[in-house]
Amino acid sequence: MLLWIMFRNIAQPVAVLFSDTVPPLESQRQVVDLPDIRAIWTEHRQYPRNIALWSLRTTTNFPKSVSAPLQYGPRIMSSINSVRATRYLPYDRMQELLKDSYGVQISQGSIDNIIKRFAMKSTAVYNRIKTEIMRAPVIGSDETGMKINGKKHWAWTWQDTNNTLIAISQSRGIQAITESVMYHLPKAIVCHDAWRAQFSIHCRDHQLCCAHLLRETNYLNELYKHSWSIKFQSLLHQALILKRHMGPDEYGGENPERNQIIASYQQLLDQSPDQKYKELHSFYKRIVKYKDHVFPFLYHQNVPPDNNASERAIRNIKVKQKISGQFRSMNGANNFAIIRSVIDTLNKRNLNVFQNLQLIANFNT
């Protein structure tokens with residue numbers, strides 16, 4: 001009797017355990033990992049063939065894509081250029097990465113040749129980017145210093161919402177604009193930080209970077225605490241707030257708030273600060289000279305009030321130099337500019353960078 005009771009008490013949970021009813025999910029956990037990645041070697045062999053009837057000897061042909069005794073495929077080419085242009089690794093660290101991650105041993109000379117070949121393949125895309133930017137209604141421009149083999153050079157950028165172009169020049173002046181063929185943009189409003197060479201661009205209008213102007217007025221306010229710079233800064237803040245709240249229909253028609261800002265701006269330009277405030281007076285003269293280029297963003301919906309997008313486009317040059325040092329040659333700098341322009345443009349268009357780099361790697365040059 002005692003044994004039957006014990007069995008009966010045990011059988012109840014056993015019946016539940018093997019029931020057809022699926023219990024509710026209480027929790028779950030996942031582990032994400034990568035497969036072991038190793039290079040795939042594909043060998044192409046060529047065999048002779050004798051044709052006895054005519055005493056001829058022929059050989060098969062290698063595929064057109066196989067042009068050297070040893071070469072590297074589009075995935076390796078894409079990986080090297082992506083890492084170089086976005087992670088800024090020097091050649092020795094790229095060697096380590098390829099060996100440790102993929103089991104591929106490759107010399108620094110081969111890495112350099114791969115980058116050169118890929119830049120050549122990317123040139124057509126680079127030129128297309130340039131053409132599209134030259135047709136854009138709003139273009140941002142900026143420049144920054146850089147070193148090539150110990151000598152000062154300049155990296156320039158021109159960019160719009162869908163494209164980024166980076167070009168290397170020995171000049172920070174008009175020569176750089178002429179070299180890049182960006183001197184004639186009749187349909188564009190060009191945003192920049194008031195560098196005088198950029199005013200040589202023949203364009204529809206110029207938009208000065210308000211972020212730069214605000215930084216300058218912050219400095220002048222701390223230096224002099226003068227009412228002119230304080231009022232000018234206040235007008236900039238009012239204009240930026242208005243820009244954030246303007247609808248598409250408010251740019252072309254009458255806008256009382258905008259009219260008030262422009263009227264106050266004109267009054268301020270008529271009030272020259274005393275010349276004893278040397279830096280403030282110099283700033284005032286520059287604003288008077290370029291008075292028509294401070295507030296175009298209040299009249300055009302797609303014109304930004306700052307040039308931050310151009311600064312972001314050009315910043316990678318500085319980051320590259322901090323991580324892997326200066327460029328060794330002008331060709332190397334130009335190759336970097338071409339490849340980085342392509343990658344930034346792909347990012348702006350929300351396209352898969354690695355897949356598109358593989359497509360470029362398969363181009364015939």
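Modeller: A word first: residues are numbered from 1 along each chain as its sequence is written. In this predicted model, local features need pLDDT of at least 70, side-chain atom pairs count only at pLDDT 80 or more, totals for chains, interfaces and linings use all residues, and side-chain values use heavy atoms, with hydrogens and water left out.

Biologist: How far apart are the end C-alpha atoms of helix α4?

Modeller: Helices (H or I, at least four residues) and strands (E, at least two) are DSSP runs, numbered from the N terminus. Helix α4 covers residues 108–134, 27 residues. The expected span is 1.5 Å times one less than the number of residues, so α4 should span 39 Å. That agrees with the end C-alpha atoms, which are 37 Å apart.

Biologist: Where does α4 bend?

Modeller: A bend is the angle between axes fitted to the seven residues ending at a residue and the seven starting there. For α4 the bend is about 45°, at Thr123.

Biologist: Which strands are at the edges of the sheet?

Modeller: Two strands pair if DSSP finds at least two bridges between them. The open sheet has five strands in the order β5-β4-β3-β6-β7, with mixed pairing. Pairing on one side only marks the edge strands, β5 (164–169) and β7.

Biologist: How many residues of β7 are buried?

Modeller: Buried means under 20% relative accessible area, exposed over 50%, partly exposed in between (1.4 Å probe, protein chains only). Strand β7 spans residues 202–208 and is mostly covered. Of its seven residues, the buried ones number five.
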